[in-house]
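Here is a short report for a first look at this structure. Please view the sequence and the model together.

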Amino acid sequence: RKGEGRERVSLSLERTKGSEILFGLAPCGLALAQARRALFRLFLKEPRGGSVGAVRAELALQAAARGVPVLHVPGRALDELCRGRPHQGVCLEAAPLPFRSLRHHEEPQRGHGGSGSRQLLWLVLEHIQDPMNLGALLRSAYFLGVDRVVATHSNSCPLTPIVSKASSGAVEVFDVYSTDDLQGFLKAKSAEGWEVLGTVTRSENVEDVPVISCSEFQWDKPIIVVIGSEGQGLSLETQLQCQRMLAIPPGRALHPGIDSLNVSVAAGILLHSICSQKRRHGD
């Protein structure tokens with residue numbers, strides 16, 4: 001009979017074709033609240049002693065309000081669904097979340113329009129492949145007030161459940177766009193009056209592109225900050241589209257091999273350095 005019980009559980013967890021499993025309270029809760037994806041089933045860990053817990057009970061109510069079936073399953077079934085990742089007792093079967101296309105959401109914005117337009121900030125990600133890094137980047141961008149995130153379509157991590165968990169659900173509320181012509185996109189934004197800022201590890205000029213410390217940067221027009229891949233940084237083609245490069249000055253003489261920052265940490269420092277100017281100018 002134990003075998004029959006396991007079979008019933010596994011049959012009940014058969015996946016909808018093309019679906020994926022979100023895991024964790026924030027990603028599942030925000031996906032339910034925003035309903036930007038097709039939602040199929042909510043899985044909650046079986047309650048102990050008859051108590052579901054306030055947070056999971058609220059998720060069950062949200063799911064019911066959206067017509068999403070709620071299944072109470074053993075913890076091991078949740079472990080299997082999300083392959084042992086930290087689910088916090090909650091998984092959600094949903095359709096994948098695609099990148100949004102810039103082609104359908106692009107409006108020219110001149111760099112010297114009204115005062116508000118001078119402090120627009122877009123973050124561009126070139127070939128970020130680690131889902132943990134991508135999630136952390138999106139979480140920082142959302143928190144710090146970045147207006148738009150654009151990722152390269154090729155050689156980049158898709159918006160997977162791991163990305164959603166690493167972003168603490170930010171990807172469920174914050175649109176992420178993609179482009180299949182990064183250099184053309186940057187060239188067009190430069191022509192509209194935006195400043196394109198690359199990022200580098202060392203404070204040495206790249207080709208003929210000057211490098212400045214992020215603390216020296218003055219924000220007086222719409223800007224795009226371009227972050228490169230974990231291993232290679234920005235491609236040469238992309239560097240040549242940048243007007244300037246931003247660098248983070250280290251706090252000591254660095255040993256070779258540990259002379260750079262994790263890409264999401266570096267982006268957080270750069271974005272905070274820039275966004276703090278928005279707050280000062282708003283005072």
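Which element gives the largest share of the lining of the second largest pocket? The report takes up the pocket first, then turns to a sheet.

## The second largest pocket

This is a predicted model. Helix α7 gives the largest share of the lining of the second largest pocket, with three residues. Helix α7 spans residues 182-191.

The pocket holds about 280 Å³ of space. It is lined by 14 residues, and the closest to its centre are Leu102, Arg103, Ser178, Thr179 and Asp180.

Four strands build an open sheet with mixed pairing. Their order is β1-β4-β2-β3. Strands β1 (20-23) and β3 (70-73) stand at the edges. Each has a single partner strand, so one side of each lacks a neighbour in the sheet. From one strand to the next, the twist averages 25°.

Strand β2, residues 39-45, pairs with β3 in the parallel sense. Four bridges join the two. In one of them, Leu44 has His72 of β3 as its bridge partner.

## Helices on the sheet

Helix α2 (residues 25-34) packs on the sheet and touches β1, β2 and β4. Its direction makes about 45° with that of β4, residues 90-94.

Helix α3 (residues 54-65) packs on the sheet too, touching β2, β3 and β4. The direction of α3 makes about 160° with that of β2.

Technical notes:
Residues are numbered from 1 along each chain as its sequence is written. This is a predicted model: local features need pLDDT of at least 70, side-chain atom pairs count only at pLDDT 80 or more; totals for chains, interfaces and linings use all residues. Side-chain values use heavy atoms; hydrogens and water are left out. Two strands pair if DSSP finds at least two bridges between them. Axes are lines fitted to C-alpha atoms, for helices over the stretch in contact, and angles run from 0 to 180 degrees between N-to-C directions. Contact means heavy atoms within 4.5 Å. On a 1 Å grid over the protein atoms alone, a cavity is a set of points where a 1.4 Å probe fits but cannot get out, and a pocket is an open set with protein on both sides within 12 Å along at least five of seven lines; lining residues have an atom within 4 Å of a point. Grid points are joined across faces, edges and corners, and a volume is the space filled by probe spheres set on the points.
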